[in-house]
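The notes follow the order in which I worked.

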Amino acid sequence: MDALRVYHRIISMTARKKKSRWPWLIAASLLLVTVISIVSIMIMLQGTDIAVLNPQGAIASAEKDLLLFTLGLSAVVVVPVFIMIGAFAWRYREGNIRAKYTPDHDSNKWLEGLWWGVPIVIIAILGVVTWVSTHQLDPYKSLESDEKAITVQVVAMQWKWLFLYPDYDIASVNVLKIPVGVPIEFHITSDGPMSAFWIPSLGSQIYAMNGMSARLSLVADNPGEYRGSNTNISGKGYADMNFMVKTLDTRDEFEKWTASVRGGDEHSHMDEGSYQKLAVPSSANVPQYFHLHDVNLYAKVMNKYMHHEAGIKEGYDNHDH
Amino acid sequence: MIIDWGFLLGRLSLDALPDNIVTVLGALGGLFGVLLIVGLLTVTRRWSWLWKTWITSLDPKKIGVMYLVVAGIMLLRGLADVVMMRVQQALFATNGAGPIDADMFQQVFSAHGTIMIFFVAMGIIFGLINLIVPLQIGARDVAFPLLNSISFWLFFAGMALMNVSLAVGEFSTAGWLAYPPLSGLEYSPGTGVDYWIWALQIAGIGSLLSGVNFLVTIFTMRRKGMTPMKMPIFVWSVIGSMLLVVFAFPILTATLGMLTLDRTIETHFFTSDLGGNPMMYVNLIWAWGHPEVYILALPAFGVFSEIVPVFSRKRLFGYTSMVWALMAIAVLSFTVWLHHFFTMGAGANVNAFFGIMTMIIAIPTGVKVFNWLFTMFRGRISFKTPMLWFMGFITTFTIGGVTGVLLAVPGIDFQVHNSLFLVAHFHNMIIGGVVFGAFAALAYWWPKLTGFRLHEGLGVAAFWSWLVGFVLAFGPLYILGLMGAARRLDHYDASLGWQGLFVVAGVGVMIILLGVFFQVLQLAYSIWKRDELRVGTDPWDGRTLEWSTSTPIAEYNFAALDAVEQRDAFWAMKSSHVREEATKFSDIRIPKNSGFGPGIAAVAFVGAFAVIWYMWWLAAVALVVTIVLAICAGMREDVERTITAEQVAAIEKKLWRTRRA
C-alpha cells in the first residue's frame with residue numbers, strides 16, 4: 001500500500017517536472033526587474049518635488065486633500081476586491097480538490113444587493129463631496145482674504161507666456177512675480193492655439209483660448225520658485241512654453257519691485273507695437289520685464305477674435321459669468 | 001498655347017516626399033513590406049486565391065480574420081511609435097539632441113493615438129465580433145453580408161490612407177483628437193490634419209455600417225429559442241457596444257465634416273473668429289469620444305464574462321446584473337463627455353454634474369467586477385492563458401478605475417488634467433481592459449477557429465512580460481504627472497529630475513516589446529507545430545454554441561439549427577446528454593462573393609487622397625464612381641448560392657472525421 005503511494009508520488013512528481021517551467025522563470029525574473037525598478041524609483045524620488053502632493057498654496061492644498069480623501073474612499077471597495085482576487089484565485093485553484101465546488105451556483109440576491117448597494121452609498125458620499133468641492137474650488141471664484149487681490153492678465157502666445165499687471169503698469173514674459181499670501185486673480189486668454197495654464201505647486205489649471213477670457217484665483221502661501229507650464233499641445237514650441245513663478249515676501253516688496261520695473265531704463269516698453277514683435281512665434285524665450293504702456297492690451301488681444309460681435313469694449317469682463 | 005497642367009496634381013509635388021531620415025526609413029520599410037507581400041503572391045501565384053478566398057469573401061469568419069491581421073500589423077506600427085517617443089524622452093530629451101525634432105515627435109504621438117484607437121482597438125473589436133457573434137447566436141451569417149465586407153474594406157482604406165501619409169506628405173501634429181484652432185487652416189496648413197480627417201472619416205463610416213449590421217444580426221438572426229436573457233453575455237456586450245456605435249459615430253462623421261469644411265472651403269464652424277467656436281468642436285468630439293471608450297471596453301467585458309465561467313467551470317454569477325450593468329454603462333457613457341475638459345472653464349454646476357455622472361459609471365462597473373469574482377468563488381479555476389489575462393485585467397483595470405474616479409472629481413482633475421497622470425490612467429483602461437481582453441479572446445477562441453491551440457508556455461511568458469512591462473511603463477507616468485509633467489513633451493529641462501522615471505518607463509516599454517516578441521513567436525511556433533497542438537472541437541469544455549459546431553468551422557457555421565432551451569446552451573446539451581449529431585440535412589443558402597467591398601473602398605481611398613491634395617477633378621470623379629458603385633451594389637441580383645443537402649452531409653462527415661482522427 002505504502003509502496004504504491006510512493007510510486008504514485010514519484011509518478012506525479014515526474015509528471016509535474018515535465019510541465020515546462022521556463023515561462024515562470026521568465027515571470028520571476030521580470031518580477032525581479034520590477035522590484036529593482038521600484039527600489040530605484042524610491043531612491044530617485046528622494047529630494048525631488050512631487051508638486052501636486054507638496055502644495056504651496058491654499059487651492060493646491062485643498063486639491064491634494066480631496067485627492068487623498070477620494071483615494072481613501074475608493075479603498076473601501078478596492079481593498080476587498082484585491083483581497084478577494086488573491087484569496088479566490090488561490091482557494092479555488094483547480095488543484096485544490098478540498099475546496100467547495102458549486103458549478104450551478106449563479107446568483108444570490110443578497111450578495112448582489114450588497115455590491116449594487118455599497119458602491120451606490122460610496123458614490124453618493126463622493127457625489128456630495130464633489131458637488132461641494134467643485135463649487136469651493138471653482139476657478140472663477142475669488143479667494144477670501146483680507147488682502148486685496150492682484151489682477152494679472154495672462155496671454156498664451158506662440159510659445160511663451162505674457163503676464164500683464166494692469167494695476168501696476170508692468171508686464172513680463174515667462175516669469176511671474178507675486179507676493180506671498182496675496183490672492184492673485186488671473187484673467188487668461190490666448191493669442192494662438194488653445195493652451196492650458198498650470199502651476200502645480202499652487203493648484204488648478206485652466207485652458208487659455210482666444211477671444212475668451214478664463215479666470216483663475218490662486219495664492220502662494222509659502223515663498224519659493226514654482227514651475228508653471230502649458231499642458232495643451234499648441235504647436236512646435238509647445239515643450240518650451242514654461243515659466244517660473246517667483247514670490248516676493250510682502251506686498252510692499254512687490255510694489256517696490258513693480259516701481260523698479262516701471263522706472264528702470266533697462267526695461268523696454270510694452271505697447272501694441274512691441275506686442276506685435278513679441279507675437280512672432282518663438283520658443284524658450286528668456287524671462288523679460290516691461291513697462292506696460294497700454295493698459296487695454298489684453299482687451300485688444302481678445303478683440304482680435306471678436307470682430308463679429310458688436311459693442312465689445314472691455315473684452316476681459318465679457319465672458320466671465 | 002501653353003496649358004497649365006498643375007491642376008491635375010493639386011498641391012502634390014516632389015516636396016511631399018519625406019526628408020527626415022527616420023521617416024524615410026519608416027516609409028522605405030513600409031514600401032519594402034508591401035513589395036515583399038506583392039512579390040510573394042506573384043511568385044507563388046496566389047493572386048487569384050487571395051481574391052477569391054479572402055478579398056471578395058463575404059464570410060464573417062474570413063472578414064474577422066482580416067480585421068485581426070490588419071489590427072495586428074497596425075499594433076506593431078503603433079508600438080514602433082511608442083519606442084520612438086520613449087527613447088526620445090528617456091535618452092535625448094534633456095540635451096536637445098536625438099534624431100527626432102518637435103515636429104516629428106508631434107506627428108509620432110498623433111499617429112500613435114490614432115492608430116491604436118482606430119486601427120488596432122477598433123479592428124480587434126470588429127474582428128472578434130465578426131468571428132464570434134454569428135457563432136454564439138447560432139446563426140449562419142450576418143444580416144447584411146455585403147455591407148459587412150464594405151465596412152471592412154473602408155476600415156482597410158482608412159488604414160492605408162493613414163500609412164500613405166508616412167511616404168507622401170505628413171501626418172497631423174495636433175494630437176489624436178486634433179482640437180482646433182491648432183488643427184485649423186491657420187496653424188496647420190499642411191496635409192497632416194487632412195490625412196487624419198480622411199483616415200478617420202472613411203474608417204468611421206465603415207464602423208457605423210458595421211454597427212447597424214451587427215445590431216440587426218443580433219436582433220433578428222438568433223437561434224430559435226434564444227430569447228434575450230438566454231443570449232451569451234458577450235452578445236449582450238456587443239449590443240451595448242454597437243448601440244453606442246450607431247449613436248456616437250454620426251457625431252464623429254459630422255464633426256469631421258465640419259472641420260473639413262473649415263479647412264477646405266474656409267467656413268467658420270470651429271475657427272476662433274468670425275463666429276466660429278473651437279469649444280463646440282471639443283464638446284462634439286468628446287460626445288463621440290467618450291462612448292468610443294465604451295465601444296471598445298464593453299466587448300472586452302463580454303469576453304471576460306465568457307472566459308471566467310469556462311475556466312472556473314461554473315455558471316456566470318449574476319447574469320441579470322451583468323446585463324443591466326452593461327446597458328447602464330452604455331446609456332451613462334453618453335452623459336459624461338464633459339469630464340474630458342473640466343478645465344475649459346464651465347461653471348461649477350456643470351462640472352459637478354458631469355463629475356458625478358462619471359462616478360456613477362463606477363457603480364455598474366464595480367458590480368461587474370464583483371460578479372466575476374463570485375463566478376470564481378467555489379469554482380475550479382484553471383489558470384490557462386485566457387484566465388491569466390483576466391487576472392491581469394482585473395488588477396490593472398481596478399487600479400485604472402480608481403484613478404478614473406480621481407479624475408472624475410473636478411477639483412482633482414484641475415491638478416492632473418493633461419499631465420502624464422492622465423496618460424497613465426487611460427492606458428490603464430485601454431491596455432488593461434481592451435488589449436488584455438483581446439489577447440484573452442485570441443487564446444480562448446483560437447482553437448475553435450483553427451483546430452489547434454496556441455503554445456501555452458509562450459503565452460504565459462507573453463502575459464508576464466506584458467503585465468510587468470505595463471506596470472513599469474505606466475507606474476512612473478503617474479508619479480511624473482503628479483510632479484507636474486505635461487503629456488506630449490518632446491523635451492524637458494534636466495534639472496526637473498524626471499529623466500530617471502522616463503528611463504524606467506522606457507524599460508517598461510522594452511519589456512512590453514519582449515511580450516510582443518513572445519506572442520509573435522507563439523503564433524509562429526504554434527502554426528509550425530500545429531499537429532502536436534491539435535485539439536477537438538471543444539477544448540475548454542465550453543458553454544456556448546460556438547463550441548458545438550465542427551472545427552474547422554464550415555462556411556455555413558452550423559449544419560443543423562437545433563432550438564436553444566436555456567442559457568449556456570451547449571453546456572446544457574452536454575450535461576443532459578441529449579446531443580446527437582445531425583443526420584438529416586437540408587439545403588443551405590449562403591452569399592456569393594462580391595468585389596463591391598474592395599471596389600468601393602478603393603474608390604473612397606482615391607477620392608480622399610484627391611481631396612487631401614486638392615485634386616478636385618479626381619475627387620469629383622471618385623464621388624461619381626462611388627455613387628454608381630453603391631447603386632450597382634444595391635441592384636445586384638442572384639446574390640446567393642446553394643449548398644445542397646448532399647453536399648452538406650459530405651462536408652459534415654469530413655469535418656467531424658478530421659476531429660476524431
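**Entry 1: chain B against chain A**

I began with the contact between the chains, to which chain B gives 91 residues and chain A gives 85 residues. I note that the model is a predicted one.

I then asked which elements of chain B supply at least two residues each to the side that touches chain A. I listed helix 5, helix 10 (319–332), helix 11 (348–376), helix 12 (385–408), helix 13 (410–416), helix 15 (456–483) and helix 16 (499–528) of chain B. Helix 11 of chain B gives the most to this side, with 16 residues.

I next looked up the classes of residue on the side of chain B that touches chain A: 55 are nonpolar, 27 are polar and nine are charged.

**Entry 2: the two domains of chain B**

I turned to chain B itself, which is divided into domain 1, covering 7–312, and domain 2, covering 380–535. I found 20 Å between the C-alpha centres of domain 1 and domain 2 of chain B. Their contact involves 30 residues of domain 1 of chain B and 32 residues of domain 2 of chain B.

Which elements give two or more residues to the side of domain 1 of chain B that touches domain 2 of chain B? I recorded helix 4 (60–92), helix 5 (102–136) and helix 9 (278–312) of chain B. Helix 9 of chain B gives the most to that side, with nine residues.

By class, I noted 23 nonpolar, six polar and one charged residues on the side of domain 1 of chain B that touches domain 2 of chain B.

Terms used. Residues numbered from 1 in each chain as written. Chains lettered and ligands numbered in written order. Predicted model: local features only at pLDDT ≥ 70, side-chain atom pairs only at ≥ 80, totals over all residues. Domains from an automatic or database assignment. Contact = placed C-beta atoms within 7 Å. Helix = DSSP H or I, 4+ residues; strand = E, 2+ residues; numbered from the N terminus. Nonpolar A, V, L, I, M, F, W, Y, C, P; charged D, E, K, R; others polar.
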